[in-house]
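Take a look at the model below. This report covers its aromatic rings, then charges over rings, then a pair of helices.

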Amino acid sequence: MFDLKKNFDIKNFKHEKSLFEKRLYEPYYAYLNETNDKFSARSYLIELHAFSRNDIINFCSEMNIHSQLNHQSIVKFIGYSPVNFEDQPKPVIITEDYKSLEFDLLNNRHFVSTKKLICMYGIASAMAYLHSHNIVHHDLKLDNIFLDSNLYPKVGGFYLSQDLNKEELDKEQKRKIKGTPAYLAPEIYEGQKYDKHSDVYSYSLIIYEILMKEKPYSNINNISELRNKIIEDKYRPEIKKPIPNIYRNLLERCWSQNPNSRPTFEEILIELKTNKEFITEEIDEIEYRNYISFLDEYETSFDSNNRISVLDDIINYKLLDE
């Protein structure tokens, strides 16, 4: 079998542009020449040294966090290339192939209650794994949750993620609010440091979207107004559809105003695994239990040897240069 980790080379892939445009990069599908296996690729539009200070720090940190992760509910990192498919000095990132959770949630009639509960469990499992290694996601939102071919969830989007074991590299960015406004916890708007409790708050908004099929705070366009309502009024999105009390209870505890009142992801996992009230009449319990076993049987790992050392050098050079 072809070993991608040991033989990663951009020349081993052919590529095809996908339909979606991004600000800093173009997304592609990449196919391994030897097997024609399909992957997702991000091909950046400019050379790495031309990135802004903020972008280069986030990019390098993202790669070095993502490259160490190995969990069934996290998008698998395949490799980093300093040159693109045309052999230009513009970086390319290749990951396993995935599709949008948001699209399937809104458009796939097979995305029923069992799949929703599986998503809740899979995301919590990925986040418990990250937190066990002292990593906060920092931008947990529906746009950063993807699906594999079985409609199993995959957490991605580590652009703002932070290793709490390491000192924050960019002192100028330290006090700035970073993340997607609708998913930011009240304490972040109040200027506190982002931590594991803040990820749990963001998770609650994803639960809300999965259950309601509606964006949180979609009726508020002004960030200042949103901030005031969340902090002063303790406002939360309206639960417009009837849901079982056990789901409502978990949702409301996760978005508690007091960070210390929110459960940890380990506690959430235990609840979702053992509390039979989550198994409503609409849930296929066999399918759900099989998914839990599927995750339990997967051998997770966290390999610091997979860090891309040249990216650390680039960060240091960029900070010294400026």
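A residue counts as buried when its relative accessible area is under 20%. The model shown here is predicted. In it, Phe59 has a relative accessibility of 0%, so Phe59 is buried. Tyr44 is buried too, with a relative accessible area of 3%.

**Aromatic rings**

The structure holds 17 aromatic pairs. Tyr44 and Phe59 form an edge-to-face pair, because their ring planes stand at 80 degrees and edge-to-face begins over 60. Their ring centres are 5.1 Å apart. Where do the two residues sit? Tyr44 belongs to strand S3 (residues 38-44), and Phe59 belongs to helix H1 (residues 53-66). The pair therefore ties together parts that are 15 residues apart in sequence. Tyr44 and Phe59 also share one aromatic cluster with Tyr25, Phe51 and Tyr80.

**Charges over rings**

Two lysines lie over tyrosine rings, as the table shows.

| Lysine | Ring | Distance to ring centre |
|---|---|---|
| Lys38 | Tyr29 | 4.2 Å |
| Lys229 | Tyr235 | 4.5 Å |

**Two helices**

Now turn to helix H7 (residues 245-254) and helix H8 (residues 265-274). Their axes come within 12 Å and cross at roughly 180 degrees. That angle makes H7 roughly antiparallel to H8. Which residues of H7 and H8 meet? From H7 come Leu250, Arg253 and Cys254. From H8 come Ile268, Glu271 and Leu272. The contact of H7 with H8 has 4 nonpolar residues, 2 charged ones and no polar ones.

Note on methods. Residues are numbered from 1 along each chain as its sequence is written. This is a predicted model: local features need pLDDT of at least 70, side-chain atom pairs count only at pLDDT 80 or more; totals for chains, interfaces and linings use all residues. Side-chain values use heavy atoms; hydrogens and water are left out. Rings of Phe, Tyr and Trp (its six-membered ring) pair if their centres lie within 6.5 Å; planes under 30 degrees apart count as stacked, over 60 as edge-to-face and the rest as tilted. Helices (H or I, at least four residues) and strands (E, at least two) are DSSP runs, numbered from the N terminus. Buried means under 20% relative accessible area, exposed over 50%, partly exposed in between (1.4 Å probe, protein chains only). A charge sits over a ring if NZ of Lys or CZ of Arg is within 6 Å of the ring centre and within 35 degrees of the ring normal. Axes are lines fitted to C-alpha atoms, for helices over the stretch in contact, and angles run from 0 to 180 degrees between N-to-C directions. Angles under 35 degrees count as roughly parallel, over 145 as roughly antiparallel, 65 to 115 as roughly perpendicular and the rest as oblique. Contact means heavy atoms within 4.5 Å. Ala, Val, Leu, Ile, Met, Phe, Trp, Tyr, Cys and Pro count as nonpolar, Asp, Glu, Lys and Arg as charged, and the others, Gly among them, as polar.
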